[in-house]
Amino acid sequence: MSGMSGNGRIKLTEECGELVQALMKFQAYPDSENHPDGSNPKQRLTEEIADVLAAIEFVCDTHQLDRNAISQRVATKLMRYEEWHKELVEPSCSSSVLPSE
């Protein structure tokens, strides 16, 4: 079966899995250029993010997804992530649980 079957959806799924693996290695070795398997966790994470972005672009094109809606959602999520990060870096006196979504 070709990795491009399903108009790229299978490839996007595969690339997301590889990104998860790279992210976990980077989480375990964030300041190291050498993972025990010989890879560079930061470089591998960079490559896998690029691969996922390319697969996303391909899926968006082949399925004619609404890029304006995607851009709006990205902007909303980015603001939320920045708020969460700020709360983690500058915690308030009251403890709070991050909202899910």
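A: C16 counts as partly exposed, because its relative accessibility is 34%; the class in between runs from buried, under 20% relative accessible area, to exposed, over 50%, with a 1.4 Å probe and protein chains only. C60, in contrast, counts as buried because its relative accessibility is 6%. The structure holds zero disulfides, a disulfide being a pair of cysteine sulfur atoms within 2.5 Å.

A word on the basis: this is a predicted model, where local features need pLDDT of at least 70 and side-chain atom pairs count only at pLDDT 80 or more, while totals for chains, interfaces and linings use all residues. Residues are numbered from 1 along each chain as its sequence is written, and side-chain values use heavy atoms, with hydrogens and water left out.

Now to the pocket. C60 is one of the residues lining the largest pocket, together with L12, L53, I56, E57, V59, L65, R67, I70, S71, V74 and Y81. The elements that give two or more residues to this lining are helix 2 (41–62) and helix 3. By type, the lining divides into nine nonpolar residues, one polar and two charged; Ala, Val, Leu, Ile, Met, Phe, Trp, Tyr, Cys and Pro count as nonpolar, Asp, Glu, Lys and Arg as charged, and the others, Gly among them, as polar. The volume of the largest pocket is about 320 Å³, taken as the space filled by probe spheres set on grid points joined across faces, edges and corners. A pocket here is an open set of points on a 1 Å grid over the protein atoms alone, where a 1.4 Å probe fits, with protein on both sides within 12 Å along at least five of seven lines; lining residues have an atom within 4 Å of a point.

Stepping back, the protein chain has three helices and zero strands, and its elements run α-α-α from the N terminus on. Helices (H or I, at least four residues) and strands (E, at least two) are DSSP runs, numbered from the N terminus. Of the 101 residues, 15% count as buried.

Helix 3 (residues 67–89) has 23 residues and spans 32 Å from first C-alpha to last, close to the expected 33 Å, which is 1.5 Å times one less than the number of residues. D66 caps the N-terminal end of helix 3, with a side-chain oxygen 3.0 Å from the backbone nitrogen of N68.

Q64 is exposed, because its relative accessible area is 72%.

In helix 2 sits F58, partly exposed at 34% relative accessible area. The C-alpha atoms of F58 and N7 are separated by 8.2 Å, although the two are 51 residues apart along the chain. Finally, P30 lies in the loop between helix 1 (9–28) and helix 2 and is partly exposed at 41%. Its C-alpha is separated by 7.1 Å from that of K42, twelve residues apart along the chain.

Technical notes. A polar contact is a pair of N or O atoms within 3.5 Å; within protein, one must be able to donate a hydrogen and the other to accept it, and residues adjacent in sequence count only if both atoms are side-chain atoms.
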